[in-house]
Amino acid sequence: MKAGRVGFRPLEASDLRLLHEWLQREHVGRWWTEHRTYADVVAHYRPAIEGRDPTDHYLVLLDGRPIGFVETYLVSDHPEYARVVRVGDGVAGVDLFVAEEELTGKGLGTEVLRAFVCDVVFAEPATIACVAGPDARNGASIRAFEKAGFQAVREFHDPTDGRDHVLVRLDR
Ligand SMILES: CC(C)(COP(=O)(O)OP(=O)(O)OC[C@H]1O[C@@H](n2cnc3c(N)ncnc32)[C@H](O)[C@@H]1OP(=O)(O)O)[C@@H](O)C(=O)NCCC(=O)NCCS
């Protein structure tokens, strides 16, 4: 991937139809199992757009064109998840997907992660580390995080989805 083509812009209410359509795509929905209906998507994402939820959601832009989604949040803002991952304070979580399947497997996810962690996550001075918890069977995701500098720390079981996940972490 040529440098400088990836960008981010905050998710807006007018993006929610597109986001819903992306979440129905097989290669995304396999790993993003929540928010199946448009009403679910609105209920989940609109509070942050309106400033009532501290999670930051972004569209990923490739040469200005929306091609994916990435979000970040403070793990401590989600006490139930914080108890499961046990990473302490000042740690941000990150989740992403590339919506265009034909763009996957070409290094783009790795480039998105590198840029997002540098430009967005660690732009917050109080954030000491960034973590994610890809499904333990999601080899492409785990590998993309590792190529972006994250290290696999341990596996954990998340009772909310009943799945095993790999905790990956990148310290500032
Ligand atoms: C996960 C995702 C963001 C990664 O982005 P990407 O552009 O496909 O990733 P990259 O091309 O940068 O890297 C993928 C790596 O995984 C490898 N890989 C692919 N399938 C794999 C598998 N089943 N097991 C192990 N490694 C695999 C690729 O070979 C590549 O590694 P390499 O460069 O060393 O060969 C993207 O695939 C995606 O959006 N998938 C669907 C949604 C999703 O899984 N989101 C993540 C939720 S945590």
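Here is a walk through this predicted model, from the ligand to the aromatic rings and then to a few loop residues. Because the model is predicted, local features need pLDDT of at least 70 and side-chain atom pairs count only at pLDDT 80 or more, while totals for chains, interfaces and linings use all residues. Residues are numbered from 1 along each chain as its sequence is written, and side-chain values use heavy atoms, with hydrogens and water left out.

Let's start at the ligand. Its shell holds 21 residues, and the closest are Val98, Gly107, Gly109, Thr110 and Lys147 (a residue is near a molecule if one of its heavy atoms lies within 4 Å of it). Sorted by class, that shell has nine nonpolar, nine polar and three charged residues. In this scheme Ala, Val, Leu, Ile, Met, Phe, Trp, Tyr, Cys and Pro are nonpolar, Asp, Glu, Lys and Arg are charged, and the others, Gly among them, are polar.

Where does the shell come from? Strand E4 (91-98), helix H5 (108-119) and helix H6 (139-147) each supply at least two residues, and H6 gives the largest share, six residues. These labels are DSSP runs, numbered from the N terminus: helices are H or I with at least four residues, strands are E with at least two.

Now zoom in on the polar contacts, meaning pairs of N or O atoms within 3.5 Å. A polar backbone atom of Gly107 sits 2.7 Å from an oxygen atom of the ligand. From the side chains, a polar atom of Asn138 is 2.7 Å from a ligand oxygen, and one of Arg143 is 2.8 Å from a ligand oxygen. On its own the ligand exposes 950 Å², and the protein buries 70% of that (Shrake-Rupley areas, 1.4 Å probe).

On to the rings. The structure holds nine aromatic pairs; rings of Phe, Tyr and Trp (its six-membered ring) pair if their centres lie within 6.5 Å, with planes under 30 degrees apart called stacked, over 60 edge-to-face and the rest tilted. Trp22 and Phe97 make an edge-to-face pair, 6.0 Å centre to centre with 90° between the planes. Trp22 lies in helix H1 (residues 16-23) and Phe97 in strand E4, so this pair ties together parts 75 residues apart in sequence. Both Trp22 and Phe97 are buried (under 20% relative accessible area; over 50% is exposed, and in between is partly exposed, with a 1.4 Å probe and protein chains only).

Trp32 and Phe69 are edge-to-face too, because their ring centres are 5.7 Å apart and their planes at 85°. This pair links distant parts of the chain, 37 residues apart: Trp32 is in the loop between helix H2 (26-29) and helix H3 (38-49), and Phe69 is in strand E3 (residues 65-74). Trp32 counts as buried at 16% relative accessibility, and Phe69 is buried at 0%. Trp22, Trp32, Tyr45, Phe69 and Phe97 form one aromatic cluster.

Most residues other than glycine have a negative phi. Asp63, in the loop between strand E2 (56-62) and E3, has a positive phi near 50° and counts as exposed at 54% relative accessibility. Arg86, in the loop between H4 and E4, also has a positive phi, about 50°, and is exposed at 60%.

Definitions and conventions:
Polar contact = N/O pair within 3.5 Å; in protein donor to acceptor, adjacent residues only side chain to side chain.
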